[in-house]
Structures are given as structure tokens and as C-alpha cells.
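Thanks for coming. I will talk through one structure, starting with a term we need and then moving from a helix to a sheet.

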Amino acid sequence: MRPLAYIGGMSIRPILLHPDPRLKAVAKPVTAFDESLRRLAEDMLETMYEAPGIGLAAPQVGVMSRLIVMDCSRDDEPRRPLALANPEIAWRSEETGPYEEGCLSIPDHFAEVVRPKAVEVTWIDLEGKAQRERFEGLWAVCVQHEIDHLNGKLFIDYLGTIKRGVITRKMEKLKRDLAREKPHPKGHEAAQL
Ligand SMILES: [Zn+2]
């Protein structure tokens, strides 16, 4: 897929924080492959890079469409911004592995999630063309995490009830503090997806 053209006029959109009903809802398929979809994808990439994160799903910016963006390239590699509309996992490896996941909607919380190590994903690109690719390593983790977002599933849903409850209560407190405009500590140690 060719790189997205950065024409300018992109904007950073606010990222919804857990808990939020929009993060628990199932997103609707993309049906129009038009300028507004490209603008949304560009805004999402800009928002993701700025955060910084390696993946972002449309519901995280309050748009209930099945669109995700990601770029898991290492710092010493060229950027590879990807935008995937209507992504589906067509194949999963039997081999699974753990990864310490984070999420831009659950800042500063990380937990190990076990997922298939490799997946093949089909999607429609921004020009409306069907694509299929095998993802491994961090790319595989990221694409599965982002597709979960389209189905209203968060990485904390893989954790036990108690651990999930602790994180959710801390997030509720963070949101109350933010509403009172208290600064919150930054400093992420792992990739946030
Ligand atoms: Zn996430």
C-alpha cells in the first residue's frame, strides 16, 4: 500500500479515556471510501504519532467506524503508516505469546495479554482496494488489539475481574482529576496501542 499523502490540514483529535460507553460499542463497517475517510485516517495517524502510540482505532476518537491506523516500525526503520478499513482476522497462528500491552485510552496502565503470535488480516485500503497481509511480532499484537477496539473490547477485558476493577477505578479517578484540570503524570514505559 502506498504511503499516505500528507497534504496538510490534519488535526489532532482528543482520545477518549476508559471508561466510556463508546469504547464498549461495536463499530459500523466503512461503506464510503471518500475524502472524509482519508481525512479521518490522516487525523488518526497524526493523533497516534503525537500521543505517541503505535495504533489507534476510530472509536478511540469517538468515530464509530471500523477503521484502524497503525505504525509499529522501529525507530531505526522508515515510518510505515497503515490505515485498515473493515479489517478481519482471516487466520491465526496456533502459537501464542505474551506481550505487555498498553492503550492510549487507558494511559499509564500496562498488563500482559496472551494472543496468537501471527495473524493474517484482510482489509480495504483508503482507495477501496482489498488487501491481505500476514503480521507478526509487535505488528500482530497491535492489529489484534486495534480490531478488538472495533468490537468494543479493551485489553483489560483479558484480565481478571479484580485487576480490571482496580484499573477502571484508577481511570475513573484520573477522569475526575482531569475534569478538575489537575495535571496527571506522564511517562510511558511501553508502547501504547
Ligand atoms: Zn487501545
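A residue is called buried if 20 or more other C-beta atoms lie within 10 Å of its own, exposed if 12 or fewer do, and partly exposed in between, with the C-beta atoms placed from the backbone. This is a predicted model, where local features need pLDDT of at least 70, side-chain atom pairs count only at pLDDT 80 or more, and totals for chains, interfaces and linings use all residues. Residues are numbered from 1 along each chain as its sequence is written. Helices (H or I, at least four residues) and strands (E, at least two) are DSSP runs, numbered from the N terminus.

Take helix H2, residues 137-150. Twelve of its 14 residues are buried, so H2 is largely enclosed by the rest of the structure. Among the buried ones are Trp139, Val143 and Glu146. From first C-alpha to last, H2 reaches 21 Å, close to the expected 20 Å; the expected span is 1.5 Å times one less than the number of residues. After H2 comes Gly152, with a positive phi near 70 degrees.

Now Glu146, which sits in H2. Why does Glu146 count as buried? Because it has 25 C-beta neighbours inside 10 Å. An unreviewed UniProt entry places the feature "active site" at Glu146; UniProt positions are given in the numbering used here, feature names are shortened, and annotations may be inferred rather than shown by experiment. Leaving aside neighbours within four places in sequence, Glu146 is in contact with Gly55, Ala57, Ile68, Met70 and Leu193. Contact here is C-beta atoms, placed from the backbone, within 7 Å.

Next, the sheet. Five strands form an open, antiparallel sheet in the order E1-E2-E3-E6-E7; two strands pair if DSSP finds at least two bridges between them. The edge strands, E1 (55-57) and E7 (130-136), each pair on one side only. E1 and E2 (residues 67-70) pair over three bridges, and Leu56 has Val69 in E2 as its bridge partner.

Last, the core. A nonpolar core is a set of buried Ala, Val, Leu, Ile, Met, Phe, Trp, Tyr and Cys residues joined through C-beta atoms within 7 Å. The largest one has 47 residues, and Ile68 and Val143 are among those with the most contacts inside it. Which element gives the largest share of this core? H2 does, with seven residues.

Note on methods. Two residues are in contact if their C-beta atoms, placed from the backbone, lie within 7 Å.
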